[in-house]
Amino acid sequence: RKYMSYLSWSNLVVGYPNKKSLTNPFSGEITFPGIYAIVGQNGCGKSTLLKTWLGLIKPLKGSVLFHDAPIPTEHNISQGIAYVPQFHAVNRYFHISVCDFIKQGKGPHYHFTQKDHQEIINLLSEWQLSGYENRSFHELSGGQKTRAMIVRAIISKPKMLFLDEPLASLDVCCQQQLMDTLEELAQEHKVCIFIVDHHLENFKSYITKKISFTRKHDQEISTVVL
């Protein structure tokens, strides 16, 4: 096989222990960089799928492979994977400076150079966070937290990027900026991007492919199609 498998899953069922399954078993594989939109109605399992792929939640059934190897579990997201959760998923009393929060994207043992610090300053400026580097992260607004999390993800130079409703807390200008950045990452840096969001209607041209959740009114389990 000559192509690279970014992500693959087999007979996957997502949900939470001691609760009903959210999906029927489904399989799929992503072999090309691009922007993959995960779409469907509220409560059908989109964010749960994202967290299952990341290893933050164990699958109820089936398996997930990242570059043909199992994704680490127990909240241990491996190198090369970046995750932007919903801004309210971060502890509101998270006492850490914005700069130190962003530095975490490089990992705990990375030695920062002056060039790295300048890159952070440039990205903060680009994402309308100039002057906030020494501010406590928990003091930021929802949109500012999302932008800081995006900077944290970008600086890690990921090969796979997972975003959970990043557009919801951004204004129209920042929504456009984010989608342009994601397109650049996908096309120029060969990053594979998965995004769960309800605000993608205006960005259809950016989407490589949809992963669609559908659920009939008389059912509690979603059917997922890649």
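This note covers cysteines, a cavity, a pocket and a strand pair in a predicted model.

1. Basis. The model is predicted, so local features are taken at pLDDT of at least 70 and side-chain atom pairs at pLDDT 80 or more, while totals for chains, interfaces and linings use all residues. Residues are numbered from 1 along each chain as its sequence is written, and side-chain values use heavy atoms, with hydrogens and water left out.

2. Cysteines. The structure holds 0 disulfides, a disulfide being a pair of cysteine sulfur atoms within 2.5 Å. Cys173 is in none, and its nearest cysteine sulfur, that of Cys174, is 5.4 Å away. Seen from Cys174, the closest cysteine sulfur is in Cys173, and 5.4 Å is too far for a bond. Cys174 is also buried, at 0% relative accessible area (buried is under 20%, exposed over 50%, partly exposed in between, with a 1.4 Å probe and protein chains only).

3. Cavity. There is 1 cavity of 30 Å³ or more, and the largest cavity has a volume of about 30 Å³. On a 1 Å grid over the protein atoms alone, a cavity is a set of points where a 1.4 Å probe fits but cannot get out; a pocket is an open set with protein on both sides within 12 Å along at least five of seven lines; lining residues have an atom within 4 Å of a point. Grid points are joined across faces, edges and corners, and a volume is the space filled by probe spheres set on the points.

4. Cavity lining. Helix α5 (172–188) supplies at least two lining residues, as do α4 (142–155) and β7 (160–164); α5 gives the most, with 4. Helices (H or I, at least four residues) and strands (E, at least two) are DSSP runs numbered from the N terminus. The lining, which includes Val84, Ile150, Leu163 and Thr181, has 9 nonpolar, 1 polar and no charged residues. Nonpolar covers Ala, Val, Leu, Ile, Met, Phe, Trp, Tyr, Cys and Pro; charged covers Asp, Glu, Lys and Arg; the others, Gly among them, are polar.

5. Second largest pocket. Its volume is about 270 Å³. Of its 13 lining residues, Ile154, Lys157, Glu184, Leu185 and His189 are the closest to the centre. By class the lining divides into 6 nonpolar, 2 polar and 5 charged.

6. Strands. β1 (residues 7–13) and β2 pair in the antiparallel sense over 4 bridges, pairing requiring at least two DSSP bridges. Ser8 has Glu29 as its bridge partner in β2. Glu29 lies with Ser27 on the uncovered face of β2 (residues 26–30), whereas Phe26, Gly28 and Ile30 form the covered face.
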